[in-house]
Amino acid sequence: MKAAVVRKFGEPLVMEDRPIPSPGPGQVTVRMEASGLCHTDIHAANGDWPVKPTPPFVPGHEGVGLVHATGEGVSGLTIGQRVAVPWLGYACGTCKHCLTGWETLCLQQLDTGYSVDGCYAEYFLAEAAFAAKVPDGIDPFEAAPLSCAGVTTYKAVKVGNVRPADLVAISGVGGLGHLAVQYAKIFGGTVAAIEVTDEKLQLAKDLGADITIDARTEDPAAVLQSHGGADVAIGLAVDDKSFAAAYAGLRRGGRLVLVALPAAGTLPIPVFDTVLNGTSVIGSIVGTRADLLDVFALHAAGQTRVIYETRPLAAVNDSIQEVLHGRAKARIVMAP
Ligand SMILES: [Zn+2]
Ligand SMILES: [Zn+2]
């Protein structure tokens, strides 16, 4: 099979021939139909973050495909079942985080395409218990972005405790943000989308944003304050300035949810204002298996739209450049 491998941080991925992996106990081998390109994969390939993967490794954590082989002891998944393989590849199931519905915080977790080989390959392995069944009727190219971009923003909207009539600022309308706009609307929010290109501002409008803010020419915090301030702001742009602007655009009692992960991101928080305004600043990392079920159910019910473009896996390095230069429409999804 073909796999796109990170051999050295910061260098182009190498297309390699590898044997199709055999599933161990509790695992399945999945034949790839679609594999989303998330910004996290680029950070992984560059070794950007404090906790680094170990080359050689295969990135990718928005993998969708059909179960090709099942390992010993696998129940609940059969050959031919369509599954999605998300970032959370494994969690222990017994620690305090796992037991309280926060498996995404499990210290024993394995992360797909980071601590274990991921989905930039024609076949990939998954722990059967963490491979999500994709409901019939959902296109694999739509299921792929939903399994990271979707579940991550759905969770962020939940963590931000968005309530009907809340003003929700969404900073960044790319792969994640275009879904965040829709989830914030589903939760009843009034959405203000912040972007820096005409295409993405238009995309936000098309997907239901009530207010669009062009950060090239407008001060996002001032515009948000002119509407009374945001109850919730969700930071999805890989840019420190956007976090500061979102913080400054909050109403009293507002909640800033940080999701994007700039390599060395910092957000200076004035203690005095934070205390007096009762502001919350919350980090939110992906979502649980239960969140992903919700995301698929909403999509199957026709409540969300996934905007994507397809590219062959062999063009992965060009696709990464498209994302880095902001040329991709929302999500790039690779086909084998
Ligand atoms: Zn991701
Ligand atoms: Zn655990």
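Biologist: Where does Ala165 lie?
Modeller: In the loop between helix 3 (140-159) and strand 10 (167-171). Helices (H or I, at least four residues) and strands (E, at least two) are DSSP runs, numbered from the N terminus. This is a predicted model, where local features need pLDDT of at least 70 and side-chain atom pairs 80 or more, while totals for chains, interfaces and linings use all residues. Residues count from 1 along each chain as written, chains are lettered from A and ligands numbered from 1 in written order, and side-chain values use heavy atoms, without hydrogens or water.
Biologist: Is Ala165 buried or exposed?
Modeller: Exposed, at 68% relative accessible area. The cut-offs are under 20% for buried, over 50% for exposed and partly exposed in between (1.4 Å probe, protein chains only).
Biologist: And where is Val286?
Modeller: In the loop between strand 15 (280-283) and helix 9 (289-300). Val286 is buried, at 9%.
Biologist: New topic. What coordinates the zinc ion (ligand 2)?
Modeller: Cys92, Cys95, Cys98 and Cys106, each through SG, at 2.3 to 2.4 Å. Donors are N, O and S atoms within 2.8 Å of the metal (3.2 Å for Na, K and Ca); water is not among the atoms, so sites may look incomplete. Cys98 is buried, at 14%.
Biologist: What about ligand 1?
Modeller: That zinc ion has Cys38 (SG), His61 (NE2) and Cys148 (SG), at 2.0 to 2.2 Å. Cys38 and His61 sit 23 residues apart. Both are buried.
Biologist: Which peptide bond is cis?
Modeller: Pro55 to Pro56, with omega near -5 degrees. Pro56 is in the loop between helix 1 and strand 4.
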